[in-house]
Amino acid sequence: MSVAVLGTAIMAINTGSASIGSLVNTMSQLHEQSLYVHDLTDFLKKADDLAIPEGGRALPTRPRSIRLDNVSFRYPGREEPAVDDVSFSIELGTVIALVGPNGSGKSTLVRLLSGLHLPGEGRIHWDDVDIAEADRQQLFGHVSLLTQTFERWPFTAAANIRIGQPDRDVTDEDLRTSAAYAGADRDIAGLPHGMNTLLGKNFRGASDLSGGQWQKIGLARAHFRDACVIIVDEPTSALDPDAEQRAFDQILGLAGPDRIIVLVTHRMAAVRRVDRIFVLDEGRLIEKGSHAELFAAEPASRYAQMYRLQADQYEHHRPAQVPGPTRPPASDPA
């Protein structure tokens, strides 16, 4: 074989090897991308299956009661239910509290009450309407949900307060009233452009708020929304003691004869003022009653145990006595 033929053969082999390698790499990438397309197709199908349907039975403007009948809910992939066979009712004009240890199902239960989840078993009725058959958009319009992780929208302070009622005709006075109710008026007044200040540190010229200030904005949003069912889930986690007490007073101040308030908190001192207390443990309802009724059941009452445990932390905690500086005895001038 001549040198020219050998060189040509070597170049052909190298070129062919590179082309084959490129083809294999392209096929590998194509297969990888096809898996994403498959996942996207599955996601779209599941999203369509789980989408909130339009229409449904109309709900009363102010329900006389909300009733849970043997409600259970299990998250996908979990064997144990997050809420297990829970039954109780809430009358219009009452304030209730859901208490219990972490993981007891409190937050899941409020999502069920608000219609964000539907029960896997059992029924939730607003008067005589099963929420599984109700107009879900109408249901959402009846509920104001304030959680410790509520959305902090990169909008103006005014837009953050009114976002729950975007179609409502609103005046500056309406916004100021809600801000003042939540104690956010002074924080907003300190912003460069007041209500028109853009909130969000990612934008040039915008301002940001502390966690406690944002929670006041969230409470102002709940006040402005004026829903008939207000669900408040751990609303004061970022507040100092004075602001926390004021926030609880303001939340309870939203109560009225045409409104239901559901309070979820670990602050046991705040729940003694509510009408009914429901104690959850591992997804099950283990106790219910007023503060006085549950304390009357001591020592068996789990609520009373939790209340006293938290109260004792304050009762028996005393700051250590720090001795003052010692001085040597004064010398005898004689």
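In this predicted model, strand β3 (residues 95-99) runs parallel to strand β9 (residues 276-281), with 4 bridges between them; strands pair if DSSP finds at least two bridges. Helices (H or I, at least four residues) and strands (E, at least two) are DSSP runs, numbered from the N terminus. Across this pair, Ile 96 sits opposite Arg 276 of β9. Zooming out, the two strands belong to an open sheet of 6 strands with mixed pairing, in the order β6-β7-β8-β3-β9-β10. β6 (143-147) and β10 (284-289) are the edge strands with a single partner each, so one side of each has no neighbour in the sheet.

Residue numbers start from 1 along each chain as its sequence is written. Because the model is predicted, local features need pLDDT of at least 70 and side-chain atom pairs count only at pLDDT 80 or more, while totals for chains, interfaces and linings use all residues; side-chain values use heavy atoms, without hydrogens and water.

Now for the cores, each a set of buried (under 20% relative accessible area, 1.4 Å probe, protein chains only) Ala, Val, Leu, Ile, Met, Phe, Trp, Tyr and Cys residues joined through side-chain atoms within 4.5 Å. The largest nonpolar core holds 43 residues, and Ile 161, Ile 188, Ile 277 and Tyr 303 have the most contacts inside it. Helix α7 (residues 211-225) supplies the largest share of this core, with 5 residues. Setting aside neighbours within four places in sequence, Ile 277 is in contact with residues including Ala 97, Val 99, Leu 294 and Tyr 303, where contact means heavy atoms within 4.5 Å. A second, separate core of 30 residues includes Ile 96 and Phe 278.

Technical notes
Buried < 20%, exposed > 50% of the residue type's maximum accessible area, 1.4 Å probe, protein only.
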